[in-house]
Amino acid sequence: MGAPFEVFEATGPETPVVVEIPHAGLDLPAPFLELLVAPARAMGRDADLHVDALYEDAPAEGATVLVCRMSRYAVDVNRAETDVDGEVVEGARADVALHHGLVWRTTSEGEAALSRKLTRTELEERLELIWRPYHRMLAKLVEQKRARFGVAVVLAAHSMPSVERSSRDKPRDVPPRPRADVVPGTRGRRSAAPSLIDAVEEHAVARVWSVRHDDPYAGGFTTQHYGRPAEGVHVVQVELARRLYLDEATLRPGSEFAGVRAWCRELVGKLGALGTTVPVLARP
């Protein structure tokens, strides 16, 4: 198996920005196919399809881009190593129930994803082949930016279904709520400087897009682990509703794809310019 990720270096004047794209990949190494029972359509719908293409111009804006090429059905690199579902791995803590943890137990539509539990050895293989190399690279890129600029700005690029998932707790006659166009996830505005968080919102509002902070996604492992503004590392997770750029039935790019791609490029440029003005805050 080759590298589970690709790195695209800046081609324009370099900025402090790293664009991290953890869920656009569809690759699934042969050793992991044995246990997979999730349907092919789920692999596509549960990936952030085409998000890597939306940010294809980021290097021209001075950003470094990290793209995971592995499907989240192999291992989810936006989860912690400890996010292990007791029903997914033999010997894991029985009180931990995560349908969508480090290795997904079900699809987002509730279908079974695995034919049996993984052994500890099988989980370790996934961590060694994918998760650990990916995060070693992300940590390296962050430190390189911080060494050069004093700060690093990580734009964790994601997409989301345009309406909320069905819930067992909600009456069947209540229609699913549409999601905002853009959801900046910053764990309650704790993972990045206010100016960077506000810049994402302002950039969306200028396009007449709706914004809802941290709802339904406040940021995953990357946001929680790397977002340390007091140490000069700022992380904003940016979720785009798929209706903006994707035909969610066919999973093909929609008619507005080029415009959303231009919006993403401009966002990267704005964060890059702002990043050089963000001070390294003193520890409390």
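At roughly what angle do the axes of helix 4 and helix 6 cross? The points below take this up, along with some backbone details. The model is predicted.

1. Crossing angle. Helix 4 covers residues 194-205, and helix 6 covers residues 257-275. Their axes cross at roughly 155° and come within 10 Å. Angles over 145 degrees count as roughly antiparallel, so helix 4 and helix 6 are roughly antiparallel to each other. Helix 4 passes helix 6 in a right-handed crossing.

2. Residues in the contact. Helix 4 contributes S195, L196, A199, V200, H203 and A204. From helix 6 come W263, E266, L267, K270, L271, L274 and G275. Sorted by class, the contact of helix 4 with helix 6 has eight nonpolar residues, three polar and two charged.

3. Helix 3. This helix runs over residues 120-149 and has 30 residues. From first C-alpha to last, helix 3 reaches 41 Å, close to the 44 Å expected at 1.5 Å a residue. There is a bend in helix 3 of about 45° at L127. G150 follows helix 3, and the phi of G150 is positive, near 85°.

4. Most residues other than glycine have a negative phi. R189 is not a glycine, yet its phi is positive, about 65°. Look for R189 in the loop between strand 5 (182-185) and helix 4.

5. A cis peptide bond. Most peptide bonds are trans. The bond joining D215 and P216 is cis, with omega about 15°. P216 sits in the loop between helix 4 and helix 5 (221-226).

Note on methods
Residues numbered from 1 in each chain as written. Predicted model: local features only at pLDDT ≥ 70, side-chain atom pairs only at ≥ 80, totals over all residues. Heavy atoms only, no water. Helix = DSSP H or I, 4+ residues; strand = E, 2+ residues; numbered from the N terminus. Expected span 1.5 Å × (residues − 1). Bend = angle between axes of the 7 residues up to and from the residue. Axes fitted to C-alpha atoms, helices over the stretch in contact; angles between N-to-C directions. Parallel < 35°, antiparallel > 145°, perpendicular 65-115°, else oblique. Left-handed = near helix turned anticlockwise from the far one by under 90°. Contact = heavy atoms within 4.5 Å. Nonpolar A, V, L, I, M, F, W, Y, C, P; charged D, E, K, R; others polar.
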